[in-house]
Amino acid sequence: MIEVGRVCMKTAGREAGKFCVILDVMEDGYVLVTGPKAATTVKRRKCSLHHVEPTPETVKIKKNATDDEVLAAYKQAGLFSKFGTKEPTAKDVEKAKDAERKRATKAKEEKAKPKAEKKEDKPEEKKAEPKKEEIKKEEKPKPKAEKKEKPKAEKKPAKSAAKKTTKKAKK
Amino acid sequence: MPTPAQRTRSFRKDRVTTPGGKVKIHYSKKQPGIAKCGNCKKPLSGVPRKLPTELKKLKKTQKRPDRPYGGTLCSPCTKAKMKSKNMERWEND
């Protein structure tokens, strides 16, 4: 059932219940899929076979066909009426294309820039924090140690002396 | 005495011993139940367990998973439902 040009329904995720077409069958149980986005809101993406349910419909498409070719194939097969959706206008197609371009450019910029910045930022913060802790640690324990030493020295002999006196008195 | 608004069973009563040794009752709203799947009755993940006033402050994406039947059916049940829908759709053709 699963081949290039088979129309499928997605069964998992935000695109569950929407239709798509298989463009390529990869190894390890994965599939390349598009709605296209202008027609059925399914992005062009890699998808697991567990998340796809085949339908009896097929479309004549080459392997790795573009979204425009898929739309033309839909028109020939008359699938829009079967899906219960309208044909996407030229504006819708352009919108979808622009959105994909913007995403691609953003992803490229993010890949290039922030990694270098993050590496520089993180070690500085780490260096700055431990210094404060070290200073605090150095300041705090000294007075505590002094306080602890003094009362212990005073109390212990007093208690022991008191005990001794009571014991002696009992005897 | 509690305030009139607190004199209902929808309030939880916590017994608290004060530093003076007295036992006082503190009133607090009961926690709402866990959201469950409408089909298999298993607890849903991704749906917060909060009072409606607190739920109002959250964003839409923080209240339920972003998928059809999100917040009412669990993910395996939605998958089964989609599969059955697909089968029904093409039976008559």
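Guide: Buried area here is the accessible area, taken with a 1.4 Å probe, that two parts lose on being put together, summed over both. The model under discussion is a predicted one. By that definition, chain B and chain A bury about 1,200 Å² between them, and 63% of this area lies on carbon and sulfur atoms. Three residues, Lys79(B), Asn86(B) and Trp90(B), supply 45% of the area that chain B buries against chain A, more than any other three residues. In terms of contacts, nine residues of chain B touch 18 residues of chain A.

One salt bridge is found across the interface of chain B and chain A. It joins the side chains of Lys83(B) and Glu53(A), with a distance of 4.0 Å from N to O.

Asn86(B) counts as buried because its relative accessibility is 3%, and the cut-off for buried is under 20%.

With a relative accessible area of 61%, His50(A) is exposed. Once its neighbours within four places in sequence are set aside, His50(A) is in contact with Thr11(A) and Lys79(B). His50(A) and Thr11(A) are 39 residues apart along the chain, and their C-alpha atoms are separated by 8.4 Å. Lys79(B), the other contact of His50(A), is one of the three residues of chain B named above for their share of the buried area.

The setting of these residues in chain A is as follows. Chain A has six helices and five strands, in the order β-β-β-α-β-β-α-α-α-α-α along the sequence. Of its 171 residues, 26% count as buried. Among contacts in chain A between residues at least 6 apart in sequence, 47% join residues at least 24 apart. A further loop, between β1 (6-10) and β2 (19-25) of chain A, holds Glu15(A). Glu15(A) is buried, with a relative accessible area of 4%. Beyond neighbours within four places in sequence, the contacts of Glu15(A) are Lys10(A), Thr41(A), Val42(A), Lys43(A) and Arg45(A).

A last point concerns the cysteines. The structure holds zero disulfides over all chains. The sulfur of Cys8(A) is 5.4 Å from the closest cysteine sulfur, that of Cys20(A), and is therefore too far away for a bond. Cys8(A) is buried, with a relative accessible area of 0%. In chain B, the sulfur of Cys74(B) has its closest cysteine sulfur in Cys77(B) at 3.5 Å, which is likewise too far for a bond, since a disulfide requires sulfur atoms within 2.5 Å. Cys74(B) counts as buried at 12% relative accessibility.

Note on methods: Residues are numbered from 1 along each chain as its sequence is written. Chains are lettered from A and ligands numbered from 1 in the order in which they are written. This is a predicted model: local features need pLDDT of at least 70, side-chain atom pairs count only at pLDDT 80 or more; totals for chains, interfaces and linings use all residues. Side-chain values use heavy atoms; hydrogens and water are left out. Buried means under 20% relative accessible area, exposed over 50%, partly exposed in between (1.4 Å probe, protein chains only). Contact means heavy atoms within 4.5 Å. Helices (H or I, at least four residues) and strands (E, at least two) are DSSP runs, numbered from the N terminus.
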